[in-house]
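Work through the exercises below with the sequence and the 3D view open. Try each task before reading its solution.

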Amino acid sequence: KIRVRGAMLDEVRRAAHDSRTARTRRAAYDRAAETLRGQLGREPSRAELARALEVSDADLLAIEASAVRLTPIEDAYDETSLAF
């Protein structure tokens, strides 16, 4: 079971089209957006997000465009499911 799960994770990582840097930048974006939401009590503007991340508007647009969401296998895995 452990080997199969590891092989599945390896395949998902191989199929992912983004780099660790892109994932790190998206995680920083999400953290900054959450922090600003808490501070401002509303959705932050693009300018506020760019300022918080210390990036240009073009870089912010690239981060937003790369926001691909994958469900971690740990969240989706169910031993009783026939899919696994």
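Buried means under 20% relative accessible area, exposed means over 50%, and partly exposed lies in between (1.4 Å probe, protein chains only). The model is predicted, so local features need pLDDT of at least 70 and side-chain atom pairs count only at pLDDT 80 or more, while totals for chains, interfaces and linings use all residues. Residues are numbered from 1 along each chain as its sequence is written, and side-chain values use heavy atoms, with hydrogens and water left out.

**Exercise 1. Classify Arg-37 and Glu-43, then describe how they pair.**

Step 1. Arg-37 has a relative accessible area of 31%, so Arg-37 is partly exposed.
Step 2. Glu-43 reaches 54% relative accessibility and therefore counts as exposed.
Step 3. A salt bridge is a side-chain nitrogen of Lys or Arg within 4 Å of a carboxyl oxygen of Asp or Glu. Arg-37 and Glu-43 form one, with their closest N and O atoms 2.7 Å apart.
Step 4. Glu-34 joins Arg-37 and Glu-43 in a network of salt bridges. The structure holds five salt bridges.

**Exercise 2. Is Glu-48 buried or exposed, and which residue is its salt-bridge partner?**

Step 1. The relative accessible area of Glu-48 is 17%, so Glu-48 is buried.
Step 2. The partner is Arg-42, and the closest N and O atoms are 2.9 Å apart.
Step 3. Arg-42, at 41% relative accessibility, is partly exposed.

**Exercise 3. Which parts does the pair Glu-64 and Arg-46 tie together?**

Step 1. The side chains of Glu-64 and Arg-46 meet in a salt bridge, 2.2 Å from N to O.
Step 2. Helices (H or I, at least four residues) are DSSP runs, numbered from the N terminus. Glu-64 lies in helix H4 and Arg-46 in helix H3, so the pair ties together parts that are 18 residues apart in sequence.
Step 3. Glu-64 is partly exposed at 26% relative accessibility, and Arg-46 is partly exposed at 33%.

**Exercise 4. Which residues make up the largest nonpolar core?**

Step 1. A nonpolar core is a set of buried Ala, Val, Leu, Ile, Met, Phe, Trp, Tyr and Cys residues joined through side-chain atoms within 4.5 Å.
Step 2. The largest one has nine residues: Tyr-29, Ala-32, Ala-33, Leu-36, Leu-49, Ala-50, Leu-53, Leu-60 and Ile-63.
Step 3. Helices H2 (20-40), H3 (46-53) and H4 (57-65) each give two or more residues to this core. H2 gives the most, with four.
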